[in-house]
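Visitor: Could you walk me through this one? I have the sequence and the coordinates loaded, and I would like to go region by region.

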Amino acid sequence: MRKKWNRILTAALTGTMMLSLAACGSGNTTTTAAGTTKAAAAATTAAATKAATTAAAATTAAGTTAKAGAATTAAAGGAASITLWTYPIGKFKDAATVDGFVAAFNKTNPDIKVKVEYLDYTNGDDQVNTALAAGTAPDIIMEGPERLVTNWGAKGKMVDLKDLWTDEATKDISATSKAVVSACKATNGAYYEYPLCMTTHCMAINYEVFEKAGALQYIDKDKRTWTTENFEKACKAVADSKLAQTPGVVYCGGQGGDQGTRALVTNLYGADYTNADHTAYTINSDKGIKALQKLASMTKDGTLSFDAGIQASDELQLFANGTSAMTLAWNASNEANYASKVSFTPFAMAFPTDSGDPKLCGGIWGFGIFNNNDQAKIAAAKKFIQFICDDKTQGPASVKATGFFPVRSSFGDVYKGTDDEKRMSSYTGMMKYLGDYYNVTPGWTEQRTAWWNMLQKVFNGTDAKTAADEFVSTSNAAIKK
């Protein structure tokens, strides 16, 4: 089965265009809105620093310290030049869209210049870490709590944004999800992220293939749920029908889209990925091991496939071209990206669970500020973040650009009355399945590598308990670092 699948995979991927995957491990080549390179940006920063030093000296000569001057500038909301780096989150990877948001901001803040650089999920983390080491980090970064709070925030690189978390904002966001508030807050009480949007990640099936294979009888179409037993029956029906070359692929070639494989393993028998207070990884429980054993068994009998060389972006291509009848890496944004690239109906589904109560992995995206020790830039960065996230007109527009849902309850249904209203309603209905946001557990970066390494071992024949125990040991050791 494995040799046959490798031949199928090679044929399926040949000549296939790489498609976008929001927050799952792929994205666009890094560019800047103004067409500048990193070197040019660094030169600009150096020039600005030299100018600031000269100005500070003159101010000092006049009897005022540079620090006081910066504070005065910040308080007055004076001129500043700031940089924004953003991961490929919906249309926040599109320069024309972001340039339009910057232009709208500049209508009321003409003295704050915003330069933008676009990251991908292949090299983005390395670029940020390199910039931090070199002292050339951007002022603003757009991503999620697992990076802004648990990683860079925990390392002391971020500015505490508690002044943005007013009583009104906190109440508004809490009305949508208290988990969002807690995810943006570090263990030391500092808020290292100000959120814009959220979603639930899910899976999807090829509706026509499932219909022709007689597999729709195994799903609850209204609730978009299925049991673990019916999931296995549906996969067998699709495999027997030969309407697709495989019912589905468990990918484990890297961390891209790992929320899909985590959700599949945890939901099958109700395993917890971490403990409740996010201080330990716990997937080596009896329920977690049982799920890994079940999936390994299904790949052996051909009701599922696995590939140790692909990530979610590759798996999505297999789904889009009809090679695979399901994907584990689906969400509202991906459906929008793939709408014109599929010749079938992608039908979003919750992950299968034996309890009938799925717990979907969530995504939260927003903004953080790197502490570059420039109070004027920090003040300007906060103004920009508040405009993008909180402005009554711009806020909903910003959310719609991501393809996800607002964290602010007061924004309501931002898709109502738009062409996306019907499509997005299916994902709105799955928000009630949102599970624990365990992404804020310390050691998150290290465990992501340990996770896909563990999956490779399990599907290559290693005892599931042995592999899971090793994963937990490695990941929990990372927490203590």
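Visitor: Which residues touch the most other members of the largest nonpolar core?

Guide: Bearing in mind that this is a predicted model, the largest nonpolar core has 149 residues, and those touching the most other members are Ile-141, Phe-210, Trp-226, Phe-231 and Phe-367.

Visitor: And which helix gives the most to this core?

Guide: That is α15, spanning residues 375-390, which contributes 8 residues to the core.

Visitor: Take Phe-231, then; what is it in contact with, leaving aside neighbours within four places in sequence?

Guide: With those neighbours set aside, Phe-231 contacts Met-203, Trp-226, Leu-264, Leu-268, Met-298, Leu-304, Met-326 and Pro-352. Trp-226, in that list of contacts, is also one of the residues named for touching the most other core members.

Visitor: Switching to strands: is β5 mostly covered or mostly open?

Guide: Strand β5, which covers residues 194-200, is mostly covered, with 7 of its 7 residues buried.

Visitor: Which strands is β5 joined to by bridges?

Guide: Six bridges would be the count to look for with β11 (residues 362-369), which runs antiparallel to β5, and 2 bridges link β5 to β12 (residues 405-406), again in an antiparallel arrangement. As for individual pairs, Met-198 has Ile-364 of β11 as its bridge partner, while Cys-197 is placed opposite Pro-406 in β12.

Visitor: What lines the largest cavity?

Guide: Its lining is made up of Ser-177, Ala-179, Val-180, Met-198, Thr-199, Gly-362, Gly-363, Ile-364, Leu-434, Gly-435 and Tyr-437. The bridge partners Met-198 and Ile-364 are therefore both part of that lining, given that a lining residue has an atom within 4 Å of a cavity point. By element, α8 (178-183), β5 and β11 each provide at least two lining residues, and the largest share, 3 residues, is from β11.

Visitor: How does that lining split by class?

Guide: The lining of the largest cavity has 6 nonpolar and 5 polar residues, with no charged ones.

Visitor: What about the second largest pocket, how is its lining divided by class?

Guide: There the lining has 14 nonpolar, 14 polar and 11 charged residues. The second largest pocket has a volume of about 910 Å³, and among its 39 lining residues Glu-146, Thr-150, Asn-151, Gly-443 and Trp-444 lie nearest its centre. Helix α6 (145-153) gives the most to this lining, with 7 residues, and at least two residues each also come from α5 (124-134), α8, α18 (444-459) and α19 (464-479).

Visitor: New topic: why does Ala-213 count as buried?

Guide: Ala-213 counts as buried because its relative accessibility is 16%, and the cut-off for buried is under 20%. Ala-213 sits in the loop between α9 (207-212) and α10 (228-241), and, apart from neighbours within four places in sequence, Ala-213 contacts Ala-237, Val-238, Ser-241 and Leu-243. Its C-alpha atom is separated by 8.5 Å from that of Lys-242, although Ala-213 and Lys-242 are 29 residues apart along the chain.

Visitor: Last one: how many of the residues of α13 are buried?

Guide: Helix α13 (residues 312-320) has 9 of its 9 residues buried, including Asp-314 and Glu-315. After α13 comes Gly-322, which has a positive phi, near 85°.

Conventions:
Residues are numbered from 1 along each chain as its sequence is written. This is a predicted model: local features need pLDDT of at least 70, side-chain atom pairs count only at pLDDT 80 or more; totals for chains, interfaces and linings use all residues. Side-chain values use heavy atoms; hydrogens and water are left out. Buried means under 20% relative accessible area, exposed over 50%, partly exposed in between (1.4 Å probe, protein chains only). Helices (H or I, at least four residues) and strands (E, at least two) are DSSP runs, numbered from the N terminus. Two strands pair if DSSP finds at least two bridges between them. A nonpolar core is a set of buried Ala, Val, Leu, Ile, Met, Phe, Trp, Tyr and Cys residues joined through side-chain atoms within 4.5 Å. Contact means heavy atoms within 4.5 Å. On a 1 Å grid over the protein atoms alone, a cavity is a set of points where a 1.4 Å probe fits but cannot get out, and a pocket is an open set with protein on both sides within 12 Å along at least five of seven lines; lining residues have an atom within 4 Å of a point. Ala, Val, Leu, Ile, Met, Phe, Trp, Tyr, Cys and Pro count as nonpolar, Asp, Glu, Lys and Arg as charged, and the others, Gly among them, as polar. Grid points are joined across faces, edges and corners, and a volume is the space filled by probe spheres set on the points.
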